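I opened this one up to see how its parts pack against each other. These are my notes, in the order I looked things up.

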Amino acid sequence: MRYLAARSAREAAEALSAETGVTRILAGGTDVLVQLKSGIVEPDLIVDIKRIPGIAEIVPEAGGFRIGAAVPNAVLGEHAGVVALWPGVVEGANLIGSTQVQGRCTMAGNLCNGSPAGDAVPGLVAANAIARLEGPTGTRECPVAEIPAGPGRTTLKKGEVITSILLPARPERAGDAYLRFIPRTEMDIAVASAAVSLELGTDGTVAAARVVLGAVAPTVVVVESAGAALIGSRLDDAVLARLAAACEAACNPIDDKRGTVAFRTRTAGVLARRAALIAYARAGGSK
Amino acid sequence: MKSIPVSTTINGDPCEFLCAPDETLLDALRGRLGLTGAKEGCGTGDCGACSVTLNGRLVCSCLVLGAEAEGAEIATIEGMADGDELHPLQRHFIDHAALQCGICTPGILVAAKALLEKDPNPTDEDVRYWLAGNLCRCTGYDKIIRAVQAAAAEMRGA
């Protein structure tokens with residue numbers, strides 16, 4: 001195995017595309033080193049992206065924030081501006097692992113690991129976040145929603161590396177929230193999860209809504225019909241029931257020791273309801 | 001595999017070592033530098049026995065490559081006492097019998113010190129969440145929480 005600490009995104013992309021063997025991109029390493037240890041993967045080349053100038057920075061951009069691909073989630077959680085603008089994204093990112101893992105793990109890494117249960121991903125998708133990728137043919141932008149392709153798989157092409165994620169600007173009356181279910185309070189993987197991002201109109205009703213579920217399908221799921229159910233409402237009980245039903249209908253989960261199909265499906269709807277209420281309150285809505 | 005030269009600062013002292021590209025910081029600390037305070041419990045970031053700080057940030061050294069430590073400042077349990085004088089956390093862990101077999105203790109001490117530097121006056125719940133990634137199979141955690149709180153009180157001058 002070779003280790004390369006790339007000094008530019010270009011150098012990283014070129015090294016990754018030139019390597020004919022197995023490659024891994026190293027940001028926080030909290031998934032990659034576990035894969036190495038367990039022998040799941042034996043890379044020929046590891047490209048450490050943390051030495052790329054600016055890649056560990058959070059920079060305000062057009063009313064939102066550009067989050068470098070190597071920003072540890074602990075650092076994200078200490079950034080008052082991001083927490084104020086996208087609290088749901090940050091609370092998802094901060095649920096991953098322990099204090100020690102938070103000191104290293106990144107949102108871009110969580111996204112590229114390709115787990116449908118990644119806690120950072122539903123919030124990013126609900127936020128309409130945009131990833132910036134450096135690849136062999138140059139730079140391109142890609143909605144975060146289009147990156148997961150299935151368990152452990154992404155749509156990234158050979159040689160491509162995410163260098164940052166843009167959390168866009170949002171109107172003043174907007175809020176988001178993320179909830180997951182695990183059988184204990186810490187250090188576990190979501191059995192089901194839900195992220196909701198809302199914008200309110202001048203009359204206090206929901207003007208725009210995006211509902212995203214995690215851990216209930218091969219990738220995170222954007223539930224368009226669940227978002228549509230909230231439009232024009234103040235989240236009364238009948239609306240929330242339609243939201244939950246739409247979420248349940250969108251579930252296609254696995255059945256395993258951590259949760260049955262029925263449990264994951266039901267839980268996803270419940271979490272979406274609760275996350276919607278939190279997002280609504282954060283947006284300044286009142287019932 | 002070609003060895004990689006790494007130049008770091010460990011517990012305030014400049015330190016250089018060679019490591020393999022796939023060698024963890026934990027293995028480099030223990031195997032090459034004789035710093036055996038950090039323990040390998042799981043090797044996959046679940047147990048926290050290998051906790052150290054890397055540029056002031058609490059991490060599992062089993063989830064860091066040795067090569068990544070180039071230019072970094074590392075603090076380990078070996079740097080916690082001031083010569084023969086134990087750190088208040090170390091003293092209170094002994095006084096409260098907050099350990100039995102001792103495998104988890106270095107990691108918990110390093111993690112608790114990082115917490116108290118960030119928050120000198122945590123609640124019990126804060127301590128429990130902060131230490132959620134440090135597993136102890138002996139104590140049941142209660143004595144650990146009490147020892148951390150006693151050390152925090154002493155360090156605040158309370």
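**Ground rules.** I call a residue buried if 20 or more other C-beta atoms lie within 10 Å of its own, exposed if 12 or fewer, and partly exposed in between, with C-beta atoms placed from the backbone. This is a predicted model, so I kept to its cut-offs: pLDDT of at least 70 for local features and 80 or more for side-chain atom pairs, while totals for chains, interfaces and linings use all residues. Residues are numbered from 1 along each chain as its sequence is written, with chains lettered from A and ligands numbered from 1 in the order in which they are written.

**Two asparagines.** I started with B:Asn11, which counts as partly exposed with 15 C-beta neighbours inside 10 Å. I found B:Asn11 in the loop between strand E1 (4-10) and strand E2 (13-19) of chain B. My helices (H or I, at least four residues) and strands (E, at least two) are DSSP runs, numbered from the N terminus. The phi of B:Asn11 is near 50°, a positive value in a residue other than glycine. Most residues other than glycine have a negative phi. Then I checked A:Asn128, whose phi is near 55°, again positive and not a glycine. A:Asn128 sits in the loop between H8 and E6 of chain A, and with 16 other C-beta atoms within 10 Å A:Asn128 is partly exposed.

**Chain A overall.** I counted 11 helices and 14 strands in chain A. Its radius of gyration (taken over C-alpha atoms) is 19 Å, close to the 19 Å from the globule rule (2.2 Å times the number of residues to the power 0.38) for 287 residues, so chain A is as compact as a globular protein of that length. The C-alpha trace spans about 60 × 45 × 35 Å along its principal axes. Of the 287 residues in chain A, 54% are buried. I also looked at contacts, meaning pairs whose C-beta atoms, placed from the backbone, lie within 7 Å. Among those between residues at least 6 apart in sequence, 65% join residues at least 24 apart.

**Helix H1 of chain A.** Which residues of helix H1 (residues 9-18) are buried? They are A:Ala9, A:Ala12, A:Ala13 and A:Leu16. They cover an arc of only 95° around the axis (using directions from the helix axis to the C-beta atoms), which puts them on the same side of H1(A). What covers them includes strands E2 (23-26), E3 (45-48), E6 (130-135) and E10 (161-167) of chain A.

**The core.** Of its 145 residues, A:Ile49, A:Val196, A:Leu213, A:Cys247, A:Ala272 and A:Ala275 touch the most other members. Helix H11 (residues 261-282) of chain A gives the largest share of this core, eight residues. I clicked on A:Val196: leaving out residues up to four places away in sequence, its contacts include A:Ala126, A:Asp176, A:Ala272 and A:Ala275.

**Domains of chain A.** The assignment, automatic or from a database, divides chain A into domain 1 (55-167) and domain 2 (174-282). Their centres, taken over C-alpha atoms, are separated by 20 Å. The contact takes 25 residues from domain 1 of chain A and 24 residues from domain 2 of chain A. On the domain 1 side, helix H5 (87-93), helix H8 (121-126) and strand E8 (148-150) of chain A each supply at least two residues. I sorted that side into 15 nonpolar, eight polar and two charged residues, where Ala, Val, Leu, Ile, Met, Phe, Trp, Tyr, Cys and Pro count as nonpolar, Asp, Glu, Lys and Arg as charged, and the others, Gly among them, as polar.

**Chain A against chain B.** How many residues does each chain put into the contact? I get 21 residues from chain A and 24 residues from chain B. H2(A) supplies the largest share of the chain A side, five residues. By class, that side divides into eight nonpolar, eight polar and five charged.

**Inside chain B.** Last stop was B:Ile108, in helix H3 (residues 105-118) of chain B. B:Ile108 is buried, with 26 other C-beta atoms within 10 Å. Leaving aside neighbours within four places in sequence, B:Ile108 is in contact with B:Leu131, B:Asn134, B:Cys136 and B:Ile144.

Terms used: Contact = placed C-beta atoms within 7 Å. Core = buried A, V, L, I, M, F, W, Y, C linked by C-beta atoms within 7 Å.
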